[in-house]
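Here is a short report on aromatic pairs, nonpolar cores and strand pairing. Please look at the sequence and the model before reading on.

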Amino acid sequence: MNSPSISTCGSSEHLLYRRSFLQSVLAANATLQIGGLGVAAETPTGEALRRQQKRALFIWLAGGSSQFETWDPKPGRETGGPFRPIQTAVPGYQVCELMPKLAGLMQKIAVVRSLNTVITAHEPAADLISTGRPKEAALDYPEMGVVLAKELASQDSLLPDYVSFFPATEGRRRPATGFLGGRHAPLLLENSMRPGDIDLPSGLSDLEHKEREDLRQRLSSEFGNRRAGSDLVSGYNSAYAKVRGLMRTDHLFDLDREPAATRERYGRTEFGQQCLLARRLLEAGVPMVKVARGFWDSHHDNFESHRELVPDFDNVLSVLLTDLDDRGLLDSTLVIVLSEFGRTPAINKDVGRDHYAAAWSSAFAGCGIQGGAIHGRTDEDGKTVADGEANASDVAATIYTALGIDPRKDYHVGLRPVPLAKEDSKPITTILS
Amino acid sequence: MADEKEKQPVELTAACEHSGILFASCFDEESGMLYGAGTDAAVYRVDVNAEKPAAEKLWTHHDNYVSSLVWLKGMVISGGYDRKLIWTSAESGKVLRQIENAHDGWIRDVAAFPGGDRIVSVADDMLVRVRDAESGELLMSLQGHARETPQGFATALYAVAVSPDGQTIATADRIGDVCLWNAESGQLLRRLQAPAFYTYDSTKRSRSIGGIRSVCFSPDGSQLALAGIGAVTNVDGFVGPTRIEMWDHESGKRTWAAEDQHKAVLNHLTFHPTKPILIAGGGGDSGGILGFWDKATGKLRHKAKPKGHLQRIEPRADGTHLFAVGHGGFQIWSLRDL
């Protein structure tokens, strides 16, 4: 049974098994695009190697959370709504009363209250914030998480470079790999907290599976040398190696291994458990994790929905930051809280707030961030940015800089040099350490 | 035109514009004064008998949204998101009594007992509190509603009503639970479950929507009507059918349930004072709605389009008029041949 011929049995079970592996790793509908783009085959530079201990966690509040009910309350104003502000650990800075735990942790968190990102439709706004640049017809720019995963990943790691949780279907986005190609696609966890299809088929031992893989790799290499080109084959080999790595690290996705008290601290909500899983992955060396929490689009009953969503967010993020800090990971992990936009100052007839991009907030903590820094401000009604205006490109430049990545570093798409952050972007230095 | 108007069973006869949202109202039958309050925390008054009714700003005693107003013997009792209950003289505007922390959470609704000797309030602390209407003394604090949604999130206790004989209190919450309480002993008599008012779609959006927004006893006390919204399919506004359920609260059986194609939440409902009709107002994706349902069958008899979305409705005791408040201000409706 140890004969290499097992690997070429052609059974439907094996074929499906291998295919579903690849679908998990390469992500649904992703294609392997390697040739022609110098970026994909790039080996880590010395600088990149130094960065390999750095990680990033995107917390994506899908649908657009309200800045008034989180980071930029406007007490006593008609636009302010019914929630009261509370004092934070940062003198003179108040947040919404729905965030008492984060208020106490503000010395570890930086807030940008002065985003003006213009676009107020979900999809294009999410594209803008996710990539840090306006859409260009001739440039399929990848999502920032994909870039960060590529920049921060260790080439010899068997872990996924990027794991993306997005359970809610409304507003769901799959990180676009753009010109970096499908090889950089994240592992998507949408319907489950555990990757699918990573169990060995019944009757197949781990050794047998390993031998199959050795044979597949040898045949692939021979095929590559003769016909297809080494880039293509190395891409496939890399993908298969990730599958093996994923199978070996299956225990990372098992939250039952966490103490019950830890699980309780994070809360039993889906968002809480996903953030706990994110911490496990980051700790194990996954460089890029995204946890999307839907669905914040509060056109009606804005205050009811924020009464529900913000306390969970407050609890989970505060526990997560404390947990990362206690484990010595916060200094090397950049935590980014973003939405596609904020919510309108005006309260509509459905007691809701609509989309608003002219003055809203985001938050950052950890690697490269000056905790307690509050950048910018809005006017007394929260309608316009009064000071420190920043745009989506500035946010991207800030994120790259915080992680020690030069935002001016060029990728080459064909012959065109493309900087990581848009040419005119400026890092928000006041929140950088 | 005059003939056409006369054919309409209801007609908007006057509207007084207001910049914010009015959540609360009460009406003094004797003076014909309608009071309203909401997002700006101020209490306004409209003389509904005036030739050109206008809203007059009276006082601002709360420092957050005002959710409920009760007219009682020359006083306006108000409850708000500031957790306060405030008794104000309607004539002088002076605060007669104030309870700072009447609840540990937003006060959502307040009702007076028929005899006017007690009031009952509900709030986001999920407690039902009965007080002496004169002194404000706390007589009972009742606990029976779940403190969290089934998914572990904050819930809300939206509505309270007292039966016409003053013997029973009904309270209704976000997840569709109704509690019936003995008003004398505080005993929980019965729990009714109306989960169709509560939408939680874990696949689409992982967030709850809806709740029973209003509860009302029938004039004979035997029936209990509930109002809100049915299954919400989209969050770009209230995109779900208006929903009303009628229950025989003694037997604990639902008599009927009615949903309409009009996509909206019904924020308040009341019985017509003289006819077997249930009236409810609200608003949502299909716009504002003022609807009239047959009390026995649940059939929608008439649907009118108000100016803006309604939050509260008050019928005149003789059944000739209906007063409404909501987004955009006060409205006075003439009720004709329903």
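## Aromatic pairs

Over all chains, the count comes to 13 aromatic pairs. The model is a predicted one. A pair of aromatic rings is described by the distance of the centres and the angle of the planes. Two pairs are set out below.

| Pair | Centre to centre | Angle between planes | Class |
|---|---|---|---|
| A:W71 and A:F313 | 6.2 Å | 90° | edge-to-face |
| B:F153 and B:Y200 | 6.4 Å | 25° | stacked |

Take the chain A pair. A:W71 sits in the loop between β1 (55-61) and β2 (85-87) of chain A, and A:F313 sits in helix α10 of chain A, so the pair ties together parts 242 residues apart in sequence. A:W71 counts as buried, at 4% relative accessibility. A:F313 counts as buried too, at 1%.

Now the chain B pair. B:F153 lies in the loop between β12 (138-143) and β13 (157-162) of chain B, while B:Y200 belongs to strand β17 (residues 198-200) of chain B. The two are 47 residues apart, and the pair links distant parts of the chain. B:F153 is buried, with a relative accessible area of 5%. B:Y200 is partly exposed, with 24%.

Ring pairs also build a cluster. Its members are A:F83, A:F303, B:F23, B:Y65, B:Y81 and B:W106.

## Chain A and its cores

Chain A holds eleven helices and 16 strands. It has 433 residues, and 61% of them count as buried.

In soluble globular proteins, nonpolar side chains tend to be buried together. The largest nonpolar core here has 61 residues. Which members touch the most others? They are A:I59, A:W71, A:I109 and A:F313. Helix α10 (residues 302-326) of chain A gives the most to this core, with ten residues. Another core, of 60 residues, lies apart from it; A:A126, A:A292, A:A396 and A:L432 are among its members.

Leaving aside neighbours within four places in sequence, its contacts include A:Y93, A:M99, A:L102, A:M106, A:I109, A:V111 and A:F313. A:Q94, A:R113 and A:S361 are also among the contacts of A:W71.

## Strands in chain B

Strand β21 (residues 241-248) of chain B is largely enclosed by the rest of the structure, because seven of its eight residues are buried. β21(B) has antiparallel partners. Seven bridges join strand β20 (residues 223-229) of chain B to β21(B). There, B:G228 has B:R243 as its bridge partner. Seven bridges also join β21(B) to strand β22 (residues 253-263) of chain B, and these two run antiparallel. B:P241 has B:K263 in β22(B) as its bridge partner. The hairpin of β21(B) and β22(B) has four residues between the strands, and B:G252 takes a positive phi near 75° in it.

Further along is an open sheet of four strands. Its order is β23-β24-β25-β26 (chain B), with antiparallel pairing. β23 (265-271) and β26 (300-304) of chain B are the edge strands, each pairing on one side only. From one strand to the next, the twist averages 20°. Strand β25 (residues 287-294) of chain B pairs with β26(B) over four bridges. B:W293 stands opposite B:L300 in β26(B).

Key:
Residues are numbered from 1 along each chain as its sequence is written. Chains are lettered from A and ligands numbered from 1 in the order in which they are written. This is a predicted model: local features need pLDDT of at least 70, side-chain atom pairs count only at pLDDT 80 or more; totals for chains, interfaces and linings use all residues. Side-chain values use heavy atoms; hydrogens and water are left out. Two strands pair if DSSP finds at least two bridges between them. Axes are lines fitted to C-alpha atoms, for helices over the stretch in contact, and angles run from 0 to 180 degrees between N-to-C directions. Buried means under 20% relative accessible area, exposed over 50%, partly exposed in between (1.4 Å probe, protein chains only). A nonpolar core is a set of buried Ala, Val, Leu, Ile, Met, Phe, Trp, Tyr and Cys residues joined through side-chain atoms within 4.5 Å. Contact means heavy atoms within 4.5 Å. Rings of Phe, Tyr and Trp (its six-membered ring) pair if their centres lie within 6.5 Å; planes under 30 degrees apart count as stacked, over 60 as edge-to-face and the rest as tilted.
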